[in-house]
Amino acid sequence: MTPAAAASRPTRVVEVAPERIDRWVAGFGERHDGVVSREVDGRVASVAGGDGASAVFEWFPYEPLGVVLVRRGGYAVALAHAGALTLHKVGTRHVQSRTAAGGWSQQRFARRRDNQADALVEAVAGHALRVLLGGDESPRTGARGIPAGLVVGGDRTLAAAVLAESSLRAVAGLPRRELWDIGDPRRAVLDDCLRRGRAVRITLTDTP
């Protein structure tokens with residue numbers, strides 16, 4: 001197959017819970033005339049079917065897992081282990097939308113919006129400090145421990161501002177999985193982001 005032909009083959013991404021990977025690989029083999037699997041550090045890295053289909057696996061194997069979601073309409077922070085929330089906080093906080101007005105009125109609304117955004121960032125950072133670090137800026141020990149990875153989502157600018165707060169320096173450099181395509185963080189959104197955050201992302205390339 002030429003490089004151009006290989007590049008034109010359709011691909012798609014699916015998300016599979018880590019616990020279901022063995023079953024998924026078995027099903028792939030049944031659908032694609034057998035399977036040859038390649039593993040790295042004990043985890044499936046890629047599989048190839050006898051009919052030419054293939055799949056590449058992207059794991060996010062961090063436990064415990066922290067979650068920080070923030071948008072202008074609300075926020076959610078959580079600590080989870082093995083897919084279950086051990087501690088979380090979900091809330092709403094309004095940040096005004098941009099206005100089309102000009103002159104003094106526009107400047108006044110812009111200052112108000114900036115103040116609201118600053119207050120939101122400060123509030124979310126405070127909740128994250130309590131939920132992820134037990135209220136202490138130093139990494140803690142114990143049953144939960146400091147998160148080993150972060151799922152971050154919502155508004156890029158607001159999320160970056162939250163994690164730039166000095167109180168969260170212990171988690172700012174952790175491995176991240178980013179989810180920017182979410183709605184306002186509510187409990188259902190938090191649950192879905194936790195599922196997606198810990199899922200194995202599989203890039204499938206169809207049969208030529």
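Two residues are said to be in contact when heavy atoms of theirs lie within 4.5 Å, and the legends below use the word in this sense for a model that is predicted.

**View 1. Val171 and its contacts in the predicted model.** Val171 has its place in helix H5, which spans residues 169-172. When its neighbours within four places in sequence are left aside, Val171 is in contact with Leu133, Ile146, Pro147 and Leu150. Because its relative accessibility is 0%, Val171 counts as buried, the cut-off for that word being under 20%.

**View 2. The open sheet of five strands.** Reading across this sheet, the strands follow the order S1-S10-S4-S3-S2, and their pairing is antiparallel. The edges are formed by S1 and by strand S2 (35-40), each of which pairs on one side only. From one strand to the next, the twist averages 20°.

**View 3. Strand S10 and the two strands that it pairs with in this view.** Strand S10, made up of residues 200-205, is mostly covered, with five of its six residues buried. Strand S1 (residues 11-16) runs antiparallel to S10 and is joined to it by six bridges; within this pairing, Val13 stands opposite Thr203, and Glu15 has Arg201 as its bridge partner. Strand S4 (residues 54-58) likewise runs antiparallel to S10, here with five bridges joining the two strands, and the bridge partner of Phe57 in S10 is Ile202.

Technical notes
Residues numbered from 1 in each chain as written. Predicted model: local features only at pLDDT ≥ 70, side-chain atom pairs only at ≥ 80, totals over all residues. Heavy atoms only, no water. Buried < 20%, exposed > 50% of the residue type's maximum accessible area, 1.4 Å probe, protein only. Helix = DSSP H or I, 4+ residues; strand = E, 2+ residues; numbered from the N terminus. Pairing = 2+ DSSP bridges. Axes fitted to C-alpha atoms, helices over the stretch in contact; angles between N-to-C directions.
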